[in-house]
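Here are my notes on this model, in numbered points. Please read them with the structure open.

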Amino acid sequence: MGDGPEARQPRADLWPAFLALLARRTGASAATIAIERNGRRTEIWSIGQPPAPVPADLAQLRRSRVYSQLDLPGQPPGPGFLRVLKWPMEPGEYGVAAIQRLDRDFRAIDAVKLSELLPFLPQALTSWRRIAQERARAECDRFLAGRLATGWALFSAGGQVLDLSDSAQRLIAEAEGIRLGPEGRLQFRDIEAERRFQGAIAEAGAVSGSTSLIRISESPLLHMVVTSTMLAGSPTPLGLLRGERMARGVPVHEVARAFNLTRSEALLALLLADGFTLGDAAQELGWTIQTARSCSKQVYARLNVHSQADVVRLIHQSAIWFA
């Protein structure tokens, strides 16, 4: 999806930092941590050159034992000296830590230090993965909210912003009729909109399930639904924002490909979805009204619809907004 969400590893730099600390404590010149699931390596972090090698088949290693380079099953002796530790994680999944020295062998105490990590490494890696998943989900939510021009804000009973999403912050910053003041309060250009907002906040803080719709900006158009959510056991005002996103902002080539339209047909379909009449669309595109009518018939036929309202409904109900 081009600029779509990417799975971001939370503070992945902490693992190399941990390995560097482990190397200092054990005198290793290189250190590696890897995770393997069903014979496929899914994550790996290394420091040092060359990196400490990881055995090719972790299934042969017994867990909770520290291996040297001489007793690794199926591992031909290589340059330098190794210590390797394996532990189970999810079903069919193992973690492994390896440290290496090139100048001389490790001391017995170094193997003890490595084995002392055993109770903590599975917990740390499991927590790291859970945070990575949560951040990946949050990134997907941010992506969807941005594409749909939506956002949320939590308010105190007095109307002060307690928290708001990144997309809500952008919507408020782009709207001419509202801004977020230095004290965390929304400042309205329209006095009547501000009065309705304060009334909605008061109601949402007192009555669970209350809902009020407020138009807070005309350019660009921005609406807010103020409702209530339970936070720490008490009703808290929640503002759900919906901004204006024009269909013309969707890439034309994506619309053409998704609906099997020509570029001209896709352009016309997007204008119709934005509420243009055929006459307005013809003027916008530099066409004659006859050309617009002819093209609209082709659009109806390709989309298997019968009217402009059908085109609007089809475009707005499609997933093309995420393209």
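This is a predicted model: local features need pLDDT of at least 70, side-chain atom pairs count only at pLDDT 80 or more; totals for chains, interfaces and linings use all residues.

1. Start with the geometry of helix 9.

2. Which residues of helix 9 are buried? They are A292, C295, S296, V299, Y300 and L303. Seen down the helix axis, these buried residues fall within an arc of 145°, so they line one face of helix 9. The general rule behind such a pattern is that an α-helix has 3.6 residues a turn, so residues three or four places apart point the same way.

3. Now the other side. The face of helix 9 turned away from the buried side carries the exposed residues Q290, K297 and A301. Just past the end of helix 9, N304 takes a positive phi of about 60°.

4. What do the buried residues of helix 9 pack against? Their partners are helix 6, helix 7, helix 8 and helix 10.

5. The largest nonpolar core has 28 residues. Within this core, V255, F259, L268, V299, L303 and V311 touch the most other members. Two or more core residues come from each of helix 6 (252-259), helix 7 (263-273), helix 8 (278-285), helix 9 (289-303) and helix 10 (308-317). Helix 7 gives the most, with 7 residues.

6. Neighbours within four places in sequence are left aside here. L268 is then in contact with L278, A281, L285, W287, A292, C295, S296 and V299. Note that A292, C295, S296 and V299 are also among the buried residues of helix 9.

7. There is a second, separate core, made up of 23 residues. Its members include F155, V161, A204 and I216.

8. A polar atom of the S296 side chain lies 2.6 Å from the backbone oxygen of R293. Not counting residues up to four places away in sequence, S296 touches L268 and L278.

9. Next, the cysteines. How many disulfides does the structure hold? The count is 0. C295 has 6% relative accessibility and so counts as buried. C140, at 36% relative accessibility, counts as partly exposed.

10. S212 is another buried serine, with a relative accessible area of 17%. S212 lies in strand 10, residues 212-218. Setting aside neighbours within four places in sequence, the contacts of S212 are A200, E203, M224, V225 and V226.

11. Last, Q169. This residue lies in helix 4, residues 166-174. Is Q169 buried or partly exposed? Its relative accessibility is 44%, so Q169 counts as partly exposed. Q169 and G151 are 18 residues apart along the chain, and their C-alpha atoms are separated by 7.9 Å.

Conventions. Residues are numbered from 1 along each chain as its sequence is written. Side-chain values use heavy atoms; hydrogens and water are left out. A nonpolar core is a set of buried Ala, Val, Leu, Ile, Met, Phe, Trp, Tyr and Cys residues joined through side-chain atoms within 4.5 Å. Buried means under 20% relative accessible area, exposed over 50%, partly exposed in between (1.4 Å probe, protein chains only). Helices (H or I, at least four residues) and strands (E, at least two) are DSSP runs, numbered from the N terminus. Contact means heavy atoms within 4.5 Å. The arc is that of the directions from the helix axis to the C-beta atoms. A disulfide is a pair of cysteine sulfur atoms within 2.5 Å. A polar contact is a pair of N or O atoms within 3.5 Å; within protein, one must be able to donate a hydrogen and the other to accept it, and residues adjacent in sequence count only if both atoms are side-chain atoms.
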